[in-house]
Amino acid sequence: MISMLGVLIGTGALIVVLSVFNGFESLVISLYNSFDPDLKISITEGKSFIPDSAKIGSIRQMEGITAVSLTLEENALIKYHDKQFIATIKGVDESFVKVSGVDTMMAEARQEETSKQLTGETKKQLKFELTSGDTDFAVVGGGIAYNLQLNMGDFFSQLDIYAPRKDAGSLNHPEEAFNRKFISPSGIFAIQQEFDSKYILVPLRFAREMLNDENHISAIEIAIAKNADVDEIKNKLEQLLGPQYKIQSRFEQHALLYRIMKSEKWAVFLILAFILLIATFNVVGSLTMLIIEKKKDIAVFYSMGADPGLVRKIFFAEGLMITFTGAVLGLITGGVICFIQQHYGVIQLGNSGSFVVDAYPVEMKLKDFFSVFITVFLIGSFASWYPAKKLVERKINLDPISVDE
């Protein structure tokens, strides 16, 4: 029972930890997906390029593509009252909300829009607004808003934006080296720190006026249909645009982050597997004590004609039963714990309101259960085979059993 309990705890711990890692991974990916497009087209050399209207038309008509958005980015100095912050203004067109989910990540807005009445209650949804007629607005990242001490209730104060002029000849006259424009903030988005402390979203026309550039863009952002093959569409785009353009999927846009998350998960898996290996020494100890206890029974078996192979199989099967029972019960225990956490959020992260989620996120995957079971069973098989083989061989030359015995 003690040996089986050790295998059970180790197996359950592996399932719980891997499921929590899956939960955090999915959470981080969902946050990045709220801002990043499915595919992003940028120039291989340089920061911006002049889009080919004919090729953009071909991209819009390509099967599997649901939306195409043109964006323009540039660093700028943002001032609000006596506060200032260096950020990236990102000019986006009206299709941007179709290629990203930033409109669902609004933390604060000056206006609200009413969603549909579904359950008898009318819920309020924060409105993502960049234009209203001829008036332009800015949606500010939460980190920038914090540093600027942005007050959404102040309808009379605007953001003062300074962007460098490309044709500036000298910095001796700063007023001539920068373009300056004012814009009112309409809301604050909160996704995660990398975006919240970097971007201010503005209309594309405002960004172009700000930079005195009516033709260039920084990227073409594309939304893909759910059932479409991203790799196939990417290959078609590469053939259409040529080598001078770089086409990145969501994974490629943050390749380092994804690799780190995968390596962290499997590093923890190996550490816990090593702990499980130590726990299976209980199986070795149990079989060792069992073989010593059954010394007389082994001698009886030999005297009845049993060969060492049969005796080894008996104790090996005993070890496999301990491992198998512990592994199955551990998978069930880990699954139950994850299910409870997934639906009820029993274990909280603490500091309520400081994180995106209140409880540890959990996501169970079938391949994790399979991988853990195979790992536990292989470790348990070795732990059962070694004492069954070595110790039984030592008991072959037993002393003859007396009649009284």
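Is lysine 262 buried or exposed, or what lies in between? I looked it up in this model, which is predicted. Lysine 262 is partly exposed, at a relative accessible area of 37%.

**Entry 1: Lysine 262 and glutamate 25**

I checked the partner next. Lysine 262 makes a salt bridge with glutamate 25, 3.2 Å from N to O. Lysine 262 sits in helix α10 (residues 255–279) and glutamate 25 in helix α1 (residues 2–33), so the pair ties together parts 237 residues apart in sequence. Glutamate 25 is buried, with a relative accessible area of 9%.

**Entry 2: Aspartate 368 and lysine 265**

I stayed with helix α10. Lysine 265 forms a salt bridge with aspartate 368, and their closest N and O atoms are 3.6 Å apart. Aspartate 368 belongs to helix α14 (residues 366–394) and lysine 265 to helix α10, so this pair ties together parts 103 residues apart in sequence. I noted that both aspartate 368 and lysine 265 are buried.

**Entry 3: Glutamate 209 and lysine 181**

Here I found a salt bridge between the side chains of glutamate 209 and lysine 181, at 3.6 Å from N to O. The pair links distant parts of the chain, 28 residues apart: glutamate 209 is in helix α7 (residues 204–211), and lysine 181 is in strand β10 (residues 178–189). Glutamate 209 counts as partly exposed at 40% relative accessibility. Lysine 181 is also partly exposed, with a relative accessible area of 24%.

**Entry 4: Count and network**

I took the total last. The count comes to 11 salt bridges. I also noted one network, in which salt bridges with shared partners join Glu73, Lys90 and Glu221.

Note on methods:
Residues are numbered from 1 along each chain as its sequence is written. This is a predicted model: local features need pLDDT of at least 70, side-chain atom pairs count only at pLDDT 80 or more; totals for chains, interfaces and linings use all residues. Side-chain values use heavy atoms; hydrogens and water are left out. A salt bridge is a side-chain nitrogen of Lys or Arg within 4 Å of a carboxyl oxygen of Asp or Glu. Helices (H or I, at least four residues) and strands (E, at least two) are DSSP runs, numbered from the N terminus. Buried means under 20% relative accessible area, exposed over 50%, partly exposed in between (1.4 Å probe, protein chains only).
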